[in-house]
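Q: I would like to learn how to read this kind of structure feature by feature. Could we go through it together?

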Amino acid sequence: MKPIQQRKSLANVSSIQTEYVRSLHKKEERIRARKVRLYRRLAVYAIAAIIILGTLTSTFFNQKQALSVKEQKVVELLAELKVVTDEQEMLNRQIVKLSDDDYIAKLARKNYFLSDKNEIIFSTPDKKKK
């Protein structure tokens with residue numbers, strides 16, 4: 001027979017409607033409905049897992065970026081601290097020198113052309129300026 005004639009002949013065939021056949025159909029429907037519900041639940045769980053994983057990944061990268069910025073700032077602040085510490089040490093040495101009267105007298109003679117009694121100051125041109 002030809003395929004079209006087979007379909008027509010199958011369309012004319014009716015199934016047996018017994019209690020056993022109806023129970024088999026119901027059982028198949030329940031199994032199919034369970035599979036559909038299972039797939040739906042799995043899809044919902046997969047979507048939830050993807051959302052949670054995406055959120056955690058995003059949070060991780062944001063925190064990692066913030067940490068690297070803070071570490072860079074710490075490095076910069078440590079460099080600044082070293083500069084300030086060196087400057088403080090230099091100022092402390094200068095304070096010690098300024099408490100010495102001989103140093104103050106030498107500084108006054110050099111910078112302000114002050115002199116002691118019976119002392120004459122001569123100014124010579126700097127060779128560095130030429």
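A: Glu-29 and Arg-32 form one, with 2.5 Å from N to O. Keep in mind that this is a predicted model, where local features need pLDDT of at least 70 and side-chain atom pairs count only at pLDDT 80 or more, while totals for chains, interfaces and linings use all residues. Residues are numbered from 1 along each chain as its sequence is written, and side-chain values use heavy atoms, with hydrogens and water left out.

Q: How many helices and strands does the chain have?
A: Helices (H or I, at least four residues) and strands (E, at least two) are DSSP runs, numbered from the N terminus. Here there are 3 helices and 0 strands, giving the pattern α-α-α along the sequence.

Q: What span does helix 3 reach from its first C-alpha to its last?
A: The expected span of a helix is 1.5 Å times one less than its number of residues. Helix 3 (residues 101–112) has 12 residues and reaches 16 Å, close to the 16 Å expected. Just after helix 3 comes Phe-113, with a positive phi of about 55°.

Q: Back to the salt bridges: how many does the structure hold?
A: There are 3. To describe their surroundings we need three words: buried means under 20% relative accessible area, exposed over 50%, and partly exposed in between (1.4 Å probe, protein chains only).

Q: Which residue forms a salt bridge with Glu-19?
A: Arg-22 does, and the closest N and O atoms are 3.9 Å apart. About one helical turn separates Glu-19 and Arg-22, because they are 3 residues apart in helix 2. Glu-19 is exposed, with a relative accessible area of 58%, whereas Arg-22 is partly exposed at 39%.

Q: And which residue forms a salt bridge with Lys-82?
A: That is Asp-86, with the closest N and O atoms 3.4 Å apart. Lys-82 and Asp-86 are 4 residues apart in helix 2, so they too are separated by about one helical turn. Lys-82 counts as exposed at 53% relative accessibility, while Asp-86 counts as partly exposed at 38%.

Q: What share of the chain is made up of buried residues?
A: Buried residues make up 1% of the 130 residues. Accessible areas come from the Shrake-Rupley method with a 1.4 Å probe, and for residues only the protein chains shown count as cover. The chain exposes about 13100 Å², with carbon and sulfur atoms supplying 61% of it.

Q: Which residues make the nonpolar surface patch?
A: Patches are made of residues with over 30% relative accessible area and no salt bridge; like charges are joined within 9 Å, and nonpolar side chains (Val, Leu, Ile, Met, Phe, Trp, Tyr) within 5 Å. Leu-38, Tyr-39, Leu-42, Val-44 and Tyr-45 make a nonpolar patch of about 560 Å². Leu-38 is in helix 2 (residues 19–98) and counts as partly exposed at 40% relative accessibility.

Key:
A salt bridge is a side-chain nitrogen of Lys or Arg within 4 Å of a carboxyl oxygen of Asp or Glu.
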